[in-house]
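Here is a short briefing on contacts, surface patches and backbone features. The structure comes first, then the notes by topic.

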Amino acid sequence: MGEVPTRSIVRAGLLGGAGAIYVALVGLYTKFADLELVGEQITLGRVLIVAPAFVAAFAVTRPRVVAGVRRSVELRSGLAVGAVSALVGGAFFSVAIWFADWFGVDRIREVFVAVTEPLIDFLTFDKGVPAGLPILIGLCVVGGVVGGFARTAPVAIRRPATAGLLAVILFGLLQRIVPIVFVELGFEADWLYARGSGLTFLGGLVVFVIAAGANAAWNRDEGRSRERVRKSMQQAPAARLGLLVAILAILAILPLLLGTVISEVLGQVMIYVLLGLGLNIVVGYAGLLDLGYVAFFAFGAYTTGVLTGAFLNTTTGAATPALSADLNFFVAVWIVALLAAGVGLLIGAPVLRLRGDYLAIVTLGLGEIVSVITASKWAQPLIGGPQGMRGVTKAEVFGLNFQDNPQHFYYLALAFVLLAAFVSWRLSRSRIGRAWNAMREDEQVADAMGISTTKFKLLAFALGGAIGSLGGALFAVSIGSLTPASFEITVSITALAVVIIGGLGSIPGVVVGALVLLGLPGLLREFEEYRALIYGGALVAIMILRPQGLIPNVRRSRELAEEEVTQDAWATKAGAESEAVAAVLPGGSLGVEKEDLE
Amino acid sequence: MATATDDQVRAAELGWLERLPWRRLILILLSVVILAVVAIGAYKTLTLPADERYSTTTWKNFIILGLAQGAIIGLIALGYTLVYGILRMINFAHGEVFMFGAFGAFFFSDAWEQSGFLNSNPVLSLALLLIIAMLTSMCVAVLLERIAYRPLRNAPRLVPLITAIGASLFLANTARGFFGSQSRGFGVPEALDGTWTIFGVEVDRIQVVVLVTVIVAVTVLSLFVAKTKTGKSMRAVAADSEIASLMGIRVDRVIVTTFAIGGLLAGVAAVLFSITFESVSFTMGFRVGIAAFTAAVLGGIGSISGAALGGVMLGLLQSVGPALILTGYGIPSSFQLKDAFTFLVLVLVLIFRPGGLLGSSEAEKV
């Protein structure tokens, strides 16, 4: 296969096989075996069989630098390389399945709980070992060929094709939301989605064609039309305003289209958008990695409870907290935010001297202290301790009920999110935002330039804390009762993942991050169990492949390109690899870097 | 440190009160308050009425328990300190490396308990369990380095830390998917039940085993780092990796070795932890990992003897601290706050003495 060394092909194949074995052992196949994406045959489980081979082939056919020249692999050998690596991987996977079957599934299950008879049946297509294994290998080879194609085909074909493929998977995953929208809008959805399951074949085809067509049109004339749209966006304020109004209008009617169940998911997404926006100020703007953000979330939630007349759960019934008030929510929430800003200052003051990873660990420690204290008996008379509180205000106003009606809650959350987004947008373009930027890039230089790092660090902590506490307040209203289980380290990590995966310092990034990380798992309950696994994997992958996040901050990515020598080498390497990722993303390259140069 | 000279100039002109920057003043006040809280709490606890007071035996038990737990924490802390010394990064996922070792040992001890091997050959089986756990942890640590950390070798400092957090989450949930989410009982050889009397003090046999093993492990590690060629190259890379590579040391290989050694020690700690607490679960890595990191910072991160010392101190603080200080204030079930205590110590150490007890003070660099 000439262009790609045999060793690399075999290694990629084996790694792909190992990946498939990992997916099997961790239990993803059994979990998603029946989640139909298109028709009855294409389930998410089967996509996951193909995926490792796809990824391995995609990786091994990457352009290589030979003697200082970057050489892409030709289409024909790309397909062949993909097929061979997938063959190796599929064979490896099959051997593992055969071994499991021979050794005894029950004996393996004593260690790996996911290895069951249904798993073997699923992987062998109910034909048993070894009759089903050739089918498995064949499927892997298909994946490998597609992977090779996705890398080596001409751009004009591979971009639309990958976009279409991803759109099909995405719409398949959104099977509990898109049909509802269709029905609410008065359209028939039966031709698109089979009842209570994934896309129909016709639907899959339509989605593929539309997505591929849209992508092709967007990138037509080597992206000239794309540039034209972007330029008119930049130059005409009216176009921008129009876009903004359109987005707001969609946001405003969204819950009416989606019904209560999905609105509830959207409400949770909104809470994390709020948390993400707050954390984004601390981490994204000011560059202070805060791992204890749950402290503000908990503070906001409990303070709201205490101030609005919630009572403690006790063994005998209910009790009034030691400190209690019965304020209207819309009064209390501002007090909460103010107090949280004070807490931010309190947390920020002692850790001012610390930087980078030490700061991260201290904030993690402070967050954990808050979690432990909320759950301890010591906190019982104040906030209920292990039993928690209930009866948080429903914040009723104008006949809207924000606790029992998720659609109403969505609007409340939306209002807060818009406020927070507006504040952080204005901040990022203000003198304060520039000071944070300078401080983040080099604290000593910023200091030398006359920026009071003390002041701006404290400001970041206070603002971030205030916004985070608003998230907590909303959470308290939406759920009505508070228990310590809701305020654990996972909140901090999730908020951090939202900010980082979306793109540090980018407001749209936070929204996208929250939609991806909380919306998808919320819509597909099957994901719930693997949520943390996916977050962890996504954090690692994004840091290695695309450290600027899915929707990078414009100014930030420009800075990334201008870092010092060591970081430069790293950034260009990451940039080269992120092209690969960008190619798979719908819409092709997100192209923000280019825009920066103007 | 340009501000230092400014301070000196100003110091010559001003009285001592004006010389104190407000931040330092706050810190001094804070430390006075903390000391007072500790002292009053301890005094109150020790002067409780006789029937509410802890007996001397209880205190002795607290101390021995603290020593044993601290020794285990110290072993894990060594993993943090070694990696930090060389890469200047916090390997947040080290607690998960430890957890995998515990699971590796668990499956064998479980099988051997059923076959009777565990009770007929307690010493041999314990030794084998140690080796199994060490190998498991080592493999996980090396894989972790290869997959997650190596591609980020020259990245800005926060990037590897975020990766490490992700890796920690990923590994913990991998274990959940692999081995199930419930915690499992870890079989302990019957020969380890009961106590031995050493110098007139009754000590649980397990705690004796733990302490002896840890002392052996730390001695071996110190000798390794001090005497062998690999140890020398590790020290060289820790001092300056760029110069070390110019001197012909393969930095990547040294880094892998460091991760492997950290993994081996975590494996030892995993077995000791499992026989002490008799259970394993996929969540066990996180809290232990944080405690170990705290110990490493407490002793001075980057310093081997510091990590061991920090571990023992933290273990003592955890077992004695809540009882000694919080009971006096009448706080119910003070042991619930044990972890809060750990974190409080961590925060205070980082605020007051970021260099740790044995480390050099490099507050500005951290």
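A salt bridge is a side-chain nitrogen of Lys or Arg within 4 Å of a carboxyl oxygen of Asp or Glu. By that rule, 8 salt bridges are counted over all chains. B:Glu145, B:Arg150, B:Arg153 and B:Asp252 are linked in a network of them.

This is a predicted model, in which local features need pLDDT of at least 70 and side-chain atom pairs count only at pLDDT 80 or more, while totals for chains, interfaces and linings use all residues. Residues are numbered from 1 along each chain as its sequence is written, chains are lettered from A and ligands numbered from 1 in the order in which they are written, and side-chain values use heavy atoms, with hydrogens and water left out.

**Salt bridges**

- B:Glu145 forms a salt bridge with B:Arg153, with 2.3 Å between the closest N and O atoms.
- B:Glu145 also meets B:Arg150 in a salt bridge, at 3.3 Å from N to O.
- B:Glu145 is buried, at 1% relative accessible area. Buried means under 20% relative accessible area, exposed means over 50%, and partly exposed is in between (1.4 Å probe, protein chains only).
- B:Arg150 is partly exposed at 24%. B:Arg153 is partly exposed at 25%.
- In chain A, A:Lys31 and A:Glu529 form a salt bridge, their closest N and O atoms being 3.1 Å apart.
- That pair links distant parts of the chain, 498 residues apart: A:Lys31 sits in helix H2 (residues 28–32) of chain A, and A:Glu529 in the loop between helix H22 (507–523) and helix H23 (531–545). Helices (H or I, at least four residues) and strands (E, at least two) are DSSP runs, numbered from the N terminus.
- A:Lys31 is partly exposed, with a relative accessibility of 32%. A:Glu529 is partly exposed too, at 36%.

**Aromatic pairs**

- A pair of aromatic rings is described by the distance of the centres and the angle of the planes.
- Rings of Phe, Tyr and Trp (its six-membered ring) pair if their centres lie within 6.5 Å; planes under 30 degrees apart count as stacked, over 60 as edge-to-face and the rest as tilted.
- The count comes to 34 aromatic pairs over all chains.
- B:Tyr149 and B:Phe259 make a tilted pair, with 5.7 Å from centre to centre and 45° between the planes.
- B:Tyr149 lies in helix H7 (residues 122–149) of chain B and B:Phe259 in helix H12 (residues 251–277) of chain B, so this pair ties together parts that are 110 residues apart in sequence.
- B:Tyr149 is buried, at 3% relative accessible area. B:Phe259 is buried, at 3%.
- Ring pairs also link a cluster of A:Tyr22, A:Phe112, B:Phe100, B:Phe103, B:Phe106, B:Phe107, B:Phe170, B:Phe178, B:Phe179 and B:Phe186.

**Surface patches**

- Patches are made of residues with over 30% relative accessible area and no salt bridge; like charges are joined within 9 Å, and nonpolar side chains (Val, Leu, Ile, Met, Phe, Trp, Tyr) within 5 Å.
- Accessible areas come from the Shrake-Rupley method with a 1.4 Å probe; for residues, only the protein chains shown count as cover.
- A:Val95, A:Trp98, A:Phe99, A:Trp102 and A:Phe103 form a nonpolar surface patch, with about 540 Å² of accessible area together.
- A:Trp102 belongs to helix H4 (residues 75–103) of chain A. A:Trp102 is exposed, at 58%.
- A:Asp101, A:Glu117, A:Asp121 and A:Asp126 form a negative surface patch. Lys and Arg count as positive and Asp and Glu as negative; His and the chain ends are not counted. The place of a charge is taken as NZ of Lys, CZ of Arg, CG of Asp or CD of Glu.
- A:Asp121 is in helix H6 (residues 117–123) of chain A. A:Asp121 is partly exposed, at 31%.

- A:Asp126 lies in the loop between H6 and H7 of chain A. Its phi is positive, near 60°, in a residue other than glycine. A:Asp126 is exposed, at 65%.
- A:Phe125 is in the loop between H6 and helix H7 (133–152) of chain A. A:Phe125 has a positive phi of about 55° although it is not a glycine. A:Phe125 is buried, at 13%.
- A:Leu266 and A:Tyr410 are 144 residues apart in sequence and 6.9 Å apart in space, C-alpha to C-alpha.
- A:Leu266 is in helix H12 (residues 237–285) of chain A. A:Leu266 is buried, at 12%.
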